[in-house]
Amino acid sequence: MRWRWDQGRLAYFRYENILSMAKVLCSLDGISLNVQEDLLRSPFERGTGLPFAPSHYKVWRNYARVFQCTMLATSVDNKLIVSELCQNLAGEPPFSSDEYLNFVFSHFQYPFPAFKDYNTIQKPTFPFVAIVKFLMSRKGVPVTLDDIFSFVIGNECTGLESVEEYRLLRETSRTPNGDELRQVREMLAFMSQSSFIRWFDSQLYIDTDDYEAVLSTLIPFVLNERSGDPARDFLNITSLSNSVMPLSFDIDLKDRHVSEIYLKEGGRKFVSHQKIERSPLLRKWYFKLHPTIECDACGILPEHKYPWLEDRNILELHHVLPLSATLNVSRTTTAMEDLRPLCPNCHRSIHIFYKLKLEELNIQDFTSKQMAMDVYESAKRSVV
């Protein structure tokens, strides 16, 4: 089986851009795609800030697979029809990044209605679930693209197997076919937006030991009866009412300070924020790139203020936009510029500042990345 994705469009698969596209798509739901004028271009360019090149092609013609692989929309009788998932992402509050990604991981399958050779005979394969289970079987050892082709794709894994079965896989001679290498690489970059997956230096890592909790959110959704109509099957696959598994899992915060766990109040979902900030892998990579660094808020250089620490780094990583789990830490697609090193006191204090500012504005979450940046800078300026 050939593994497929939509290559060369990584920016359109970033969570915050998916949210923007969902809102535009919902505003255009039901619009005719069979007219001479491109009715999508202006709303998309205005509503997302993304280019939809080339300009001489209609947006739907060139980006239909993006909208389908992100599980946002399809076409029925030449009309744009959005999915239930898209309606959720356009609403308030939408799924968190982890909830959205877990839904896609468990629902995206081959054969998939986005592709021209869609058929109803082939047994389903869930590539994202298969990759996660393979990672779990390696017990913390990272995997490469070659590993995924040789062990997972070469053994025709479907994602329906147990983790134990993945431990027994043997190496095969399976190698990428044509542009398959690039397509699977971009699938891994998309996956790395998850709070428990990292793609760095051409290797994929799993960044949690709580495999049971993760697996509870990644139960493959098997479409019992395929109609053969790609649009109808797409809408069934992306239907929220057909999904019965939980899409998020809690992280054990029993050893956290009270000021650090307020982010779970009021139904707001900041689990991925807490997970990202405490990722040992992320910490390792960040401080490898910044070996000598001071607290971004108070300016303390720990090794100077506390000489007994020697080379022990007590700084923590703060993600400026709490709900952003779009942490593609590959060298070509990175969100490390969204991170700030903070001493423990400043870190806890800035979280409290966030909480107070949101209460003052009477909102539950930042409405944009820029808003979070502005609030963070305001907190920094307020440090005495």
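This is a predicted model: local features need pLDDT of at least 70, side-chain atom pairs count only at pLDDT 80 or more; totals for chains, interfaces and linings use all residues.
Mentor: The axes of helix α6 (residues 127–137) and helix α9 (residues 180–191) come within 11 Å and cross at roughly 75 degrees.

Trainee: Thanks! Which word describes how α6 lies to α9, roughly parallel or roughly perpendicular?

Mentor: Their axes cross at roughly 75 degrees. Angles of 65 to 115 degrees count as roughly perpendicular. So α6 is, to α9, roughly perpendicular.

Trainee: How do α15 and α16 lie to each other, oblique or roughly antiparallel?

Mentor: Helix α15 covers residues 344–361 and helix α16 covers residues 369–382, and their axes come within 10 Å. The crossing angle is roughly 120 degrees. Only angles over 145 degrees count as roughly antiparallel, and 65 to 115 as roughly perpendicular. The two helices are therefore oblique.

Trainee: And is the crossing of α15 and α16 left-handed or right-handed?

Mentor: Here you can look at the residues that meet: I350, F353, Y354, K357 and L361 of α15 touch a set on α16 that includes M371, V375 and Y376. By class, the contact has nine nonpolar residues, two polar and one charged. As for its hand, the crossing of α15 and α16 is right-handed.

Trainee: Moving on to the second largest pocket, which element gives the largest share of its lining?

Mentor: This pocket has a volume of about 370 Å³ and a lining of 16 residues, with A64, R65, Q68, A114 and K116 nearest its centre. Elements giving two or more residues to the lining are α3 (59–69), β1 (73–76) and α11 (230–237). The largest share, six residues, comes from α3.

Trainee: How many charged residues are in the lining of the second largest pocket?

Mentor: Let's go through the classes. Seven of the lining residues are nonpolar and four are polar. The charged ones number five.

Trainee: Which peptide bond has an omega of about -10 degrees?

Mentor: The bond from Y110 to P111 is cis with omega near -5 degrees, and P111 sits in the loop between α5 and α6. In the loop between α4 (84–90) and α5 (97–107) you will find P93. The cis bond with omega of about -10 degrees joins E92 and P93.

Trainee: Last one: what is the phi of K139?

Mentor: Most residues other than glycine have a negative phi. K139, in the loop between α6 and α7 (145–153), has a positive value instead. Its phi is near 55 degrees.

Technical notes
Residues are numbered from 1 along each chain as its sequence is written. Side-chain values use heavy atoms; hydrogens and water are left out. On a 1 Å grid over the protein atoms alone, a cavity is a set of points where a 1.4 Å probe fits but cannot get out, and a pocket is an open set with protein on both sides within 12 Å along at least five of seven lines; lining residues have an atom within 4 Å of a point. Grid points are joined across faces, edges and corners, and a volume is the space filled by probe spheres set on the points. Helices (H or I, at least four residues) and strands (E, at least two) are DSSP runs, numbered from the N terminus. Ala, Val, Leu, Ile, Met, Phe, Trp, Tyr, Cys and Pro count as nonpolar, Asp, Glu, Lys and Arg as charged, and the others, Gly among them, as polar. Axes are lines fitted to C-alpha atoms, for helices over the stretch in contact, and angles run from 0 to 180 degrees between N-to-C directions. Angles under 35 degrees count as roughly parallel, over 145 as roughly antiparallel, 65 to 115 as roughly perpendicular and the rest as oblique. A crossing is left-handed if the near helix is turned anticlockwise from the far one by less than a right angle, and right-handed if clockwise. Contact means heavy atoms within 4.5 Å.
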